[in-house]
Amino acid sequence: MLECVLVMDFGGQYCHLIARRIRELGVYSEIISPTAKLGDYGDKYEIKGFILSGGPQSVYEKDSQKLTDGFMKHIKDKNIPVLGICYGHQAIAFYEGGEVGSIGMKEYGITDMVVDKPVSILKGLSRKEKVWMSHSDTVTGMPSGYEILAHTRNSPVVAFRHRGKQVYGVQFHPEVAHTVKGVRVFRNFLFDVCECKGNWEMADFIKESIEKINASIGEKKAIIALSGGVDSSTAAVLAHKAIGKKLTSVFIDTGLMRKNEPESIKKTFTQDFHFNFRFVDARDRFFKALEGVVDPEEKRKVIGETFIRVFEEVAEGVGADYLIQGTIYPDRIESGTDDAATIKSHHNVGGLPEVLGLEIIEPLKDLYKDEVRVVARKLGLPEEIAERHPFPGPGLAIRIIGEVTPESVAIVKEADAIVKEEIKKAGLDESLWQFFAVLLSIKSVGVQGDVRTYQNSVALRIVESVDGMTANFAEIPYSVLEKISTRITNKIPEVNRVVYDLTHKPPGTIEWE
């Protein structure tokens, strides 16, 4: 029986990042609701442990999700290890009779943790460690039978354990890359405490996904929006392996793609692959729908609505009942899931119209971008697709601050191409997560060709990241930035100013809209 560590989702932004860290260490993981029937999972897996995620609520709120007597009895009777993270840490302490309260301020970002006892889940950690915090409540009083393992300047209990049972809690987020030894904490829990073997591989995910797609669709037909990016391409190959010619792959030219992409995608999937491929020119339709729209959320919803309506028309022609989408986890978590707050709607998630004529299948919905790349390589996709940098579903529309017009798209498309060319020339493209241009809604005075101008401004957004959930602006050499700026202002007469975005995620997002 497959060993599994279950992650209980209390609505935290990083819940699926926890599951991902577990899978990276070779242990299968699934996300469950706090109200899930544990017996259903015990029949399928050898449950080696539970991890309780963070969440946006306070344990003192009337409607907050709390640990149930049934869950605590289940884990104590079977002696199944449990690790609470942030809200999960507080939920354990609260249930066990400890005290949880506000510290009067939010402890947010990188914090120095003092390790009082480097044992069990903190084994191998130094006296002081850098950890990532994101909380306002904290454990202020220990429940009976527990001991403190670590603290910070503001929080007296940052890690604890039960003296007799395998119950642990940490206030910090070991799943976030900014916690320097977060992976070590997970290793300690998975292999020392839970005694996992760590023999699960991504190949298992591929096999399970193909089987699920085949079982869901059966003898019916499906279509997929094939953009040529790694997400949709990987989802398309998985679906094609599952149902073959019953899948129709459709590329919709929205007019919002990067320079020369529609032509390249059409060539790749008509000449190099053997999919049923359809190319739909819908540029005029999208520009018409976006007339007068300036709000970023409205843009996403308009694009989502138009996109799906075009798809429904194509689907009706081929008799499709299912829509395969390359939605990945960061898309879903930023669009809001369960108790997680909405950051922005993605056109293939929160921007979907309420009435949809197709049933959606999202085989990659629990994966992060780097995990999708692993799947893509295992499926034999070429490097130019498997390693393609992220590109938002709404395309260049959300890289234009203000109204989207053919003219504004032409400007940002050319600027984006220049950024890409210069970053590649400098040999920086493989080390960066994303690099692109944003057309701002402001104009400024300039001098071009000895003539006073009042033209557009472009912002450069270049970031480093591991998974897209957090990101740092990249420290690009000034010589490279100068080349980009000079080329943009020389080649694009509508632009006379280029600025560089020095904002991390958080507090910003990678995209501007």
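**Where H7 meets H12**

Mentor: H7 passes H12 in a left-handed crossing (the near helix is turned anticlockwise from the far one by less than a right angle). This is a predicted model: local features need pLDDT of at least 70, side-chain atom pairs count only at pLDDT 80 or more, and totals for chains, interfaces and linings use all residues. Residues are numbered from 1 along each chain as its sequence is written, and side-chain values use heavy atoms, without hydrogens or water.

H7 spans residues 230-243, and H12 spans residues 369-378. Helices here are DSSP runs (H or I, at least four residues), numbered from the N terminus. The axes of H7 and H12 lie 10 Å apart, at an angle of about 45°. Axes are lines fitted to C-alpha atoms over the stretch in contact, and angles run from 0 to 180 degrees between N-to-C directions.

Now the residues. From H7 come Val230, Asp231 and Thr234; from H12 come Lys369, Val372, Arg373, Val375 and Ala376. Contact means heavy atoms within 4.5 Å. By class, the H7 contact with H12 has four nonpolar, one polar and three charged residues.

Serine 232 also sits in H7. Serine 232 is buried, because its relative accessibility is 7% (buried means under 20%, with a 1.4 Å probe and protein chains only). Beyond four places in sequence, serine 232 touches Ile224, Ala225, Leu226, Ser227 and Gly326.

Histidine 389 lies in the loop between helix H13 (383-386) and helix H14 (406-425). Its C-alpha atom is 9.5 Å from that of lysine 369. A polar atom of the histidine 389 side chain lies 2.8 Å from the backbone oxygen of aspartate 429.

Note on methods. Helix = DSSP H or I, 4+ residues; strand = E, 2+ residues; numbered from the N terminus. Polar contact = N/O pair within 3.5 Å; in protein donor to acceptor, adjacent residues only side chain to side chain. Buried < 20%, exposed > 50% of the residue type's maximum accessible area, 1.4 Å probe, protein only. Nonpolar A, V, L, I, M, F, W, Y, C, P; charged D, E, K, R; others polar.
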